[in-house]
Amino acid sequence: MEIKVLRNVMIKNNSVGKDNRELFINKKVFVANLVSSPGAGKTTLLENSISSLAAKYKVGVIEGDLYTSRDAERLEKFNIPIVQINTEGGCHLDARMVRGAINELNIDNVDVLFIENVGNLVCPSSFDLGEHKRILVYSITEGEDKPKKYSTMFSTADVVIINKVDLSKACKINIDQVENEIRSINKKALILKVSALEPNSLREWLLWLEGEIERVKKS
Ligand SMILES: Nc1nc2c(ncn2[C@@H]2O[C@H](COP(=O)(O)OP(=O)(O)OP(=O)(O)O)[C@@H](O)[C@H]2O)c(=O)[nH]1
Ligand SMILES: [Mg+2]
């Protein structure tokens with residue numbers, strides 16, 4: 001009985017996720033779903049990406065968090081549309097929650113929509129929100145063994161951002177080994193090495209984003 005309920009939830013999620021995707025395609029909004037463990041650097045990456053992108057593109061953000069609006073508050077300085085979803089203890093966003101947030105956000109006036117998921121390296125991997133691309137932010141402080149331990153998340157990512165490379169020496173992490181392990185799980189993902197605190201390290205990431213935003217605009 002419980003298994004049946006779970007299946008129904010997933011079928012419902014996938015159907016709303018499909019509707020979300022159709023809406024994003026029709027409105028020509030590029031949508032990126034940012035997932036990671038707690039504290040890997042999603043909001044820091046957003047801060048330093050939006051500061052560069054906002055001059056050229058209209059940016060919107062959906063923030064997912066259990067109880068607070070702290071991340072949304074960090075982005076208020078950009079004066080862009082932000083909708084906060086509080087999951088009240090839930091470990092991931094689902095497509096229905098995102099649908100509700102879209103209704104609060106005027107996406108006719110948005111070129112790129114970032115969805116910052118709840119910090120969790122397991123649950124968000126099972127929930128299609130309708131995004132174009134899933135971006136996994138992986139902090140090297142989590143250890144080199146994590147890609148295979150949390151392989152669902154790594155195998156379903158379109159981009160893996162290896163973050164906090166400035167801390168590799170202190171953490172005694174072999175970044176090449178991490179990259180090889182990610183590649184062994186996911187042959188297609190774009191893998192980038194950055195320090196999200198350091199805007200100069202984000203050039204390749206920003207170029208990739210611009211390419212995706214333009215591709216969706218012209219489709
Ligand atoms: N040294 C270093 N610290 C970083 C880097 N990126 C983020 N941080 C720090 O890591 C901490 C967590 O960063 P956040 O951006 O809040 O992480 P998050 O993934 O948004 O966290 P949650 O939303 O709570 O899951 C902050 O203290 C950041 O300053 C980096 O590249 N290098
Ligand atoms: Mg955050």
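Let's start in a loop, the one between helix H3, residues 70–75, and strand E3, residues 82–86, because that is where Asn79 is found, and Asn79 counts as exposed, with 8 C-beta neighbours inside 10 Å. Please keep in mind throughout that we are looking at a predicted model. As you all know, most residues other than glycine have a negative phi.

There is a second case further along the chain. Lys172 is not a glycine either, and its phi is positive at about 50°. Where does Lys172 sit? Its place is the loop between helix H7, residues 168–171, and helix H8, residues 175–185. And is Lys172 buried or exposed? Lys172 has 7 C-beta neighbours inside 10 Å, so it counts as exposed.

Now let's step back to the whole chain. The secondary structure comes to nine helices and seven strands. The radius of gyration is 17 Å, close to the 17 Å that the globule rule gives for 219 residues, so the chain is as compact as a globular protein of that length. Along the principal axes, the C-alpha trace spans about 50 × 45 × 35 Å. Buried residues make up 39% of the 219 residues. As for contacts, take those between residues at least 6 apart in sequence: 76% of them join residues at least 24 apart.

On to the sheet. Seven strands form an open sheet, and the order is E3-E2-E4-E1-E5-E6-E7, with parallel pairing. Which strands are at the edges? Those are E3 and strand E7, residues 190–193, each of which pairs on one side only. On average, neighbouring strands of this sheet are turned by 20° against each other, ignoring direction.

Let me take E1 next, residues 30–36. Seven of its seven residues are buried, so E1 is largely enclosed by the rest of the structure. If you follow the side chains, Phe30, Ala32, Leu34 and Ser36 point one way, while Val31, Asn33 and Val35 point the other way, and all are buried. E1 pairs in the parallel sense with strand E4, residues 112–116, over five bridges. It also pairs in the parallel sense with strand E5, residues 133–139, again over five bridges.

E4 itself is mostly covered, with five of its five residues buried. On one side you have Val112, Phe114 and Glu116, on the other Leu113 and Ile115, and these are all buried. E4 is also joined by five bridges to strand E2, residues 59–65, and the two run parallel.

How many residues surround ligand 1? There are 17, and the closest are Gly41, Lys42, Thr43, Thr44 and Gly119. The largest share of that shell, three residues, comes from helix H2, residues 42–53. By class, the shell has five nonpolar, eight polar and four charged residues.

One last stop, and that's Arg21. Arg21 has its place in helix H1, residues 2–27. It has 17 C-beta neighbours inside 10 Å, so it counts as partly exposed; the cut-offs here are 20 or more for buried and 12 or fewer for exposed. From Arg21 to Ser51 is 30 residues in sequence, and 26 Å in space, C-alpha to C-alpha.

Notes
Residues numbered from 1 in each chain as written. Chains lettered and ligands numbered in written order. Predicted model: local features only at pLDDT ≥ 70, side-chain atom pairs only at ≥ 80, totals over all residues. Near = placed C-beta within 6 Å. Helix = DSSP H or I, 4+ residues; strand = E, 2+ residues; numbered from the N terminus. Nonpolar A, V, L, I, M, F, W, Y, C, P; charged D, E, K, R; others polar. Pairing = 2+ DSSP bridges. Axes fitted to C-alpha atoms, helices over the stretch in contact; angles between N-to-C directions. Rg over C-alpha atoms; globule rule 2.2 N^0.38 Å. Contact = placed C-beta atoms within 7 Å.
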